[in-house]
Every structure is written in structure tokens, then in C-alpha cells.
Amino acid sequence: MKAPAPATPTGLKKACSQCNLFELCLPFGISDSDIVRLDELVAAQRKVKRQQPLYRTGDPFEAIYAIRTGSFKSDVLLEDGREQVTGFQMTGEILGLDGIGTGLHSCNVIALEDSEVCVISYPKLEELARVIEGLQHQFHKVMSCEIVRDHGVMMLLGSMRAEERLAAFLINMSQRFTARGFSPTEFHLRMTREEIGSYLGLKLETVSRAFSHFQEEGLISVQQKHIRILDGEGLKKLVQHQAGTR
């Protein structure tokens, strides 16, 4: 089979500008020659089948991963043998940052569906960040967003009741789908109810009851994993009411 021709700087620039990783991979004002260097950085791509790991706890840290298509969950193994879900990641987000500090990955990352990632060599990223203006700033911005998101989860688990947690989760998913050009009111959740419960610190039965109650109240329509938000303001009021009582 004849190998595909390498992407030209113009072609790559067009592809990057349409990617959800625009702010990381294509800083504003970058020259065509620098785009070629970025092409070398993110040329490797890897497909991960549903329920297969991208990496596991203890694996050596060598790269970070930009999700091209699909979605993932991250989890850690607790002392009692249970898996604790620590996050859900979707197209346009970065995986692998957990390994920067120690050189080893500190969690498992598993594909929720057939997915594909760009493999970004971390040593090469550090090298290019020193010579390509704006790339280091954009990478730090991505890391900052991860920290803010972690703080948000801590606030959610520490202060919200069960239905408020689920409402906040659905609002967050809606916002993330919207940012990727999808419908804010109708989407498919790739994770199971049990995984949602693990992430939110709730039992499976509690999550199921909350979904049923939301449907009874006319806030959402649920068909297995397909969610349609019927009353977004009603969901927001649940979370805002909680915030106002602190």
C-alpha cells in the first residue's frame, strides 16, 4: 500500500485550526516552519478499543495524549480493591498529565468507546516549548484548567447533596458538548450509571433514583444512556439553590 503523502504546512494548519486542541497545538501567529515542527511532535496517533487501557498505574511516563475522537475514564484502585473513578475525558482534552511529577502514571485511563489519541512526546514538547513562542504558555493554560476542574470536583463532592451532584454533572457535560459544537440539550453518556456514581461519590441506586426523579419532574428525558435536557434552568436552579445556602 502506498504511504500517504506528508501533510504540507498549509494543510496541517487547516487541520489544526479545526481541531479542539487549537489552543495547545497552534498558538496564534505561529509560522509555517514552526507548524512543520509541531507536525513532527504530534504525528504519532494511537487507536484504543473500548474498555482497553491507554495506560495503567505505574506505567512509565513518556508522553501526553490529546484525544482526537472518543472518550475515556480515569480511575484509581482503592485499598479495598474498589475502583474509584476520578474523571471523564472527551475529544479535545489532554490525558497523561498525572505522570509529569514522578515519571510514572498514577491512575488507569480506559477507553469508554473506540477512540483515537495523538501521542505527544513530552521531552519533545518541552524542547519545542522553549523555542516556539506561545506554546509553553498554552500548555500551562491546559494544566491550569485541569487544576481548576479538580477543585470543582472537590467542591461538588464536599458540599452537595445527591441530586445536586447529578444536576451539576449533567450541566457540566452539556457545557463540554456545547464547546465541541454538539447539542447542549441532547447527548449520549458513554459511561455507566455505576461509573457516574463512583465519580460523584454516590451509590448506583442513588444515581438511578436521581435520574428517575429528574425525569418525573420533567427536567430530563432518559432512554438508557441517551439524555435529553428538557429544563436546563431547572437543573441550574438545583445547583444554584445549593450554592446560595452555603
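**Pairing, burial and cores in a predicted model**

Modeller: Strand β1 (residues 45-48) pairs with β8 in the antiparallel sense, over four bridges. The model is a predicted one.

Colleague: Which other strand pairs with β8, and in what sense?

Modeller: Strand β3 (residues 63-69) does, again antiparallel, over six bridges. There, Ala 66 is opposite Cys 118 of β8.

Colleague: Why is β8 called mostly covered?

Modeller: Strand β8 spans residues 115-121, and five of its seven residues are buried.

Colleague: How do you know whether Cys 118 is buried or exposed?

Modeller: Its relative accessibility is 8%. Buried means under 20%, therefore Cys 118 is classed as buried. Cys 107 has a relative accessible area of 9%, which means that Cys 107 is buried by this cut-off too.

Colleague: How many disulfides does the model have?

Modeller: The count is zero.

Colleague: What makes a set of residues a nonpolar core, and how many residues does the largest have?

Modeller: Its members are buried residues of the nonpolar kinds, joined through side-chain atoms within 4.5 Å. The largest core has 32 residues, and those with the most contacts inside it are Phe 169, Leu 189 and Phe 211. Among the elements that give two or more residues to this core are β5 (83-90), α8 (204-216) and α9 (232-244). Helix α6 gives the most, with eight residues. Domain 1 (11-149) and domain 2 (160-241) each supply at least three residues to this core.

Colleague: Which residues does Phe 169 touch?

Modeller: Leaving aside residues up to four places away in sequence, Phe 169 touches Phe 88, Leu 189, Met 191, Ile 196, Tyr 199 and Leu 200. A second, separate core has 18 residues, including Phe 61, Ile 64, Ala 66 and Leu 128.

Colleague: What are the totals for the protein, in burial and in secondary structure?

Modeller: Of the 246 residues, 42% are buried. The protein has nine helices and 11 strands.

How values were computed
Residues numbered from 1 in each chain as written. Predicted model: local features only at pLDDT ≥ 70, side-chain atom pairs only at ≥ 80, totals over all residues. Heavy atoms only, no water. Buried < 20%, exposed > 50% of the residue type's maximum accessible area, 1.4 Å probe, protein only. Pairing = 2+ DSSP bridges. Disulfide = S-S within 2.5 Å. Domains from an automatic or database assignment. Contact = heavy atoms within 4.5 Å.
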